Amino acid sequence: MPVRFIRSLTCATALIAATALPTFVQADGLAGAYLAARAATLDSDFKASADYYNRALVRDPQNALLMEHVVFARLALGDIKGAAPVATRLSEMGARSQIANIVMTANAVMKQDYKTIIDRITSQEDGHYEINALVDGLLLGWAHLGAGSVADALGQFDSLGQKEGLGLFARYHRALALASVGDYEGAEALFAAAEGQLTNTSRRAVIARLEILSQLGRNEQALEVLADAFSGQLDPGLAALSKRLKDGETLPYALAATPTHGIAEVFFTMGAALNGEMADDYVLMYARVASALREDHVDALLLAAELFDQLGRYALSIELYKQVPRTHPDYHAAELGRAEALRRAAKPDAAAEVLQQLARDFPKEAPVYTNLGDLLRQQEDYTGAVAAYDTALGLMDESVEGRWFLLYARGICHERLKNWEQAETDFRAALEIRPDQPQVLNYLGYSLVEKQEKLDEALSMIERAVAARPDAGYIVDSLGWVLYRLGRYQDAVKPMETAVELMPVDPVVNDHLGDVYWAVGRAREAEFQWKRALSFIDPEDTDSEADPERIRRKLETGLDAVLLEEGAAPLKVAHDG
C-alpha cells in the first residue's frame with residue numbers, strides 16, 4: 001500500500017522528545033526521575049519509562065510533556081485503559097497530541113462510543129487532524145457504521161478515496177465494511193476490480209477475499225485466488241484455510257465483521273504500511289492499538305512482537321509471541337518469531353529448543369529447518385546446520401528461487417568442515433539459480449584464491465561481485481587479494497586501499513593491505529597496517545582469519561621470511577624489480 005503521503009509524519013520519539021532539559025527538572029525530586037525516565041525512553045524500556053515519568057508527574061501534575069511521555073509508554077505496553085485518563089487530561093488542557101488522540105480514540109471504541117469519535121473528527125479545524133488525514137478518514141467511515149448509518153459510512157469511504165494517494169486504502173476498507181453488513185457481492189466486486197489489485201495488497205486482504213468468496217458459495221474460485229496469490233507456497237495458516245475450502249466448509253467472514261474490528265484493522269493497516277518506513281516505536285503505537293481493540297488479532301500481535309524485537313526489548317517480544325495459542329493457525333509463525341527473539345537475546349540453546357520442537361510439530365515445513373540451520377551455523381555447529389539445510393532443501397520445490405541461499409549457506413558449512421568438494425558443488429548450484437549473486441561469487445572466488453585453484457576464474461567471479469556491490473568492503477578486499485595472489489601486486493594496491501576505507505577496523509582487511517604494501521616495497525606502511533590489524537583483533541573471535549601470531553612474525557622478520565618458514569612461494573615482484 002502507498003505510504004508516500006505519510007512520510008512527513010513525525011516518529012513517536014520525536015513527538016515527545018525535548019530539545020533541552022525542561023525547567024521543571026530544577027525542582028527538588030524531579031531531576032532524578034525525569035533523567036531516569038528519559039534514559040529508559042531512549043532505551044525503549046517502556047515499563048521503566050512509564051514508572052519514572054509517573055513519579056515525575058506526581059511532582060508536576062500539570063506538565064504536558066510528562067503526560068505525553070506517560071501516555072506513550074502506556075500505549076507501547078498495550079495499556080489503553082491506563083493511558084486514557086492522562087490522555088484525556090492532556091486534551092482538556094488544550095494540548096495538541098497525536099499520541100493522546102490515538103489513546104482517546106481507542107478508549108472510545110472500547111466503549112463503542114462512536115458518536116464521540118465522529119464529533120471529535122468532524123470538529124477539527126481545516127488542516128488539523130485527530131491523528132492524520134488517512135486514519136481520521138477511515139475511522140470516520142467505521143464510526144458512522146458503528147453509529148448505525150451504512151450510507152454515511154460508504155459515503156465517507158468514497159469521499160476519502162477521491163483524495164490523492166488514499167484511494168487504495170479507502171477501497172479496501174469500503175470492501176471490508178460492505179462485507180461486514182452482508183453485501184458480499186459488493187465487496188467481491190471491489191476485490192476483483194483492476195485484476196484483483198486490492199487482493200494483492202497484503203496477506204490479510206487475500207484472507208478477507210477468501211472469506212467473502214466462501215460466503216458467496218464460491219470455494220473453488222477462492223482456492224484459485226489463494227493459489228495465484230502465493231504461487232502454491234502456503235504457510236500452515238493458509239494451508240489450513242485451503243483445506244477448509246477444499247472440504248466444502250463455508251468460511252465465516254471474520255476479518256472485520258464489526259465496526260470495532262474494522263477500526264482495529266485501520267490501525268493495523270497503518271502499522272503494516274508504516275513498518276520499515278517510520279521509526280519502530282511510532283509503528284508500535286498502531287500495532288498495540290489494533291491488538292488492544294481485538295485480542296484475537298494475531299497479525300497485530302506478531303507485528304508488535306517483531307517491533308519489540310527490533311527495539312531490543314526481547315523479553316516483551318518473547319512474551320507477546322507466547323500469547324499466540326498452540327491451536328491458532330499462525331502458531332507456527334509466532335514460534336519462529338520467538339526463536340529469533342531468543343537468539344537475539346543471546347539465548348541460542350532456548351532458540352534451538354523452540355525450533356526443534358517446531359520441527360516435531362511441523363515436520364514438513366521447510367522454513368523451520370532453514371531457521372534451525374541458520375541458528376546452528378551461527379553457533380558454529382556446522383554438522384548440525386548441514387543436516388537442517390539438507391532437510392529444508394528436500395522439502396522445497398526445486399523451482400523455488402530462494403533455494404540459492406540454502407545452497408550457499410550449506411556450502412559455507414561444508415567449507416568450514418573442510419568438505420571442499422561438497423562446498424564447491426553447493427556454491428556452483430547456487431550460482432545456477434542466481435548467476436550474479438555477489439555473496440556467492442565472492443565466497444567461491446575467495447575460497448578458490450585461498451586454495452590456489454582456478455585463479456583466473458576466481459578473479460572473474462570476484463570482479464563480477466565487485467561490479468554488483470562496489471560498496472561492500474569484504475568483496476573489494478577479495479578483489480585486491482586475488483590480484484595479490486596472482487602476483488599483480490601494483491594492481492592490488494588500489495582495491496585493497498578502498499577495502500580498508502570501507503572497513504577501516506577490520507583486522508583481516510588491514511592485514512591484507514599490509515601484505516600488499518610489503519609486496520610493492522612499501523615496508524613502513526606494511527608494518528603500520530599489520531600493527532593496526534593486531535589492534536583490531538578480538539581475542540574471543542576464534543573464527544577470524546586474522547592470525548595474531550603470524551602478524552607478529554611478519555612484524556619481527558618481514559613477510560618474505562614468514563613465507564619461507566611456511567614453505568610458500570616467495571614474492572616475485574617486490575624485490576626483483
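Of the 577 residues of the protein chain, 51% count as buried, where buried means under 20% relative accessible area, exposed over 50%, and partly exposed in between (1.4 Å probe, protein chains only). The model is predicted, so local features need pLDDT of at least 70 and side-chain atom pairs count only at pLDDT 80 or more, while totals for chains, interfaces and linings use all residues. Residues are numbered from 1 along each chain as its sequence is written, and side-chain values use heavy atoms, with hydrogens and water left out.

The secondary structure of the chain comes to 32 helices and zero strands. Helices (H or I, at least four residues) and strands (E, at least two) are DSSP runs, numbered from the N terminus. Along the principal axes, the C-alpha atoms fill a box of roughly 90 × 70 × 45 Å. Contact means heavy atoms within 4.5 Å. Of the contacts in the chain with a separation of 6 or more, 56% come from residues 24 or more positions apart.

Two packed helices are described by the angle between their axes and the distance between the axes. Axes are lines fitted to C-alpha atoms, for helices over the stretch in contact, and angles run from 0 to 180 degrees between N-to-C directions. Angles under 35 degrees count as roughly parallel, over 145 as roughly antiparallel, 65 to 115 as roughly perpendicular and the rest as oblique. A crossing is left-handed if the near helix is turned anticlockwise from the far one by less than a right angle, and right-handed if clockwise.

The axes of helix α4 (residues 64–76) and α6 come within 9 Å and cross at roughly 50 degrees. The two helices are therefore oblique to each other. The crossing of α4 past α6 is left-handed. On the α4 side, Glu68, Val71, Phe72 and Leu75 take part; they meet Ile99, Ala100, Ile102 and Val103 in α6. Sorted by class, this contact has seven nonpolar, no polar and one charged residues. Here Ala, Val, Leu, Ile, Met, Phe, Trp, Tyr, Cys and Pro count as nonpolar, Asp, Glu, Lys and Arg as charged, and the others, Gly among them, as polar.

Helix α6 (residues 98–110) also holds glutamine 98. Glutamine 98 counts as buried because its relative accessibility is 13%. A polar atom of its side chain lies 2.8 Å from the backbone oxygen of isoleucine 131.

Helix α8 (residues 133–146) packs with helix α10 (residues 167–180) at an angle of about 15 degrees, and their axes are 11 Å apart. α8 and α10 are therefore roughly parallel to each other. α8 passes α10 in a right-handed crossing. From α8, the contact uses Leu134, Leu138, Trp142 and Leu145; from α10, it uses Phe169, Ala170, His173, Leu176, Ala177 and Ser180. These residues divide into eight nonpolar, two polar and no charged.

The crossing of α21 past α23 is left-handed. Thr370, Asp374 and Arg377 in α21 meet Phe405, Leu406, Ala409, Ile412 and Cys413 in α23. By class, the contact has five nonpolar, one polar and two charged residues.

Threonine 370 belongs to helix α21. With a relative accessible area of 14%, threonine 370 is buried. Leaving aside neighbours within four places in sequence, threonine 370 is in contact with Tyr389, Ala392 and Leu406.

Leucine 571 lies in the segment after α32 (559–566). Leucine 571 is buried, at a relative accessible area of 11%. Beyond neighbours within four places in sequence, leucine 571 is in contact with Tyr484, Tyr489, Trp518, Ala519, Leu559, Asp560 and Leu563.

Backbone angles mark two further residues. Glutamate 195 is not a glycine, yet has a positive phi of about 55 degrees. Glutamate 195 is placed in helix α11 (residues 184–196) and is exposed, with a relative accessible area of 78%. Lysine 418, also a residue other than glycine, has a positive phi near 65 degrees. Lysine 418 lies in the loop between α23 and α24 (420–433). At 74% relative accessibility, lysine 418 counts as exposed.

Conventions:
Polar contact = N/O pair within 3.5 Å; in protein donor to acceptor, adjacent residues only side chain to side chain.
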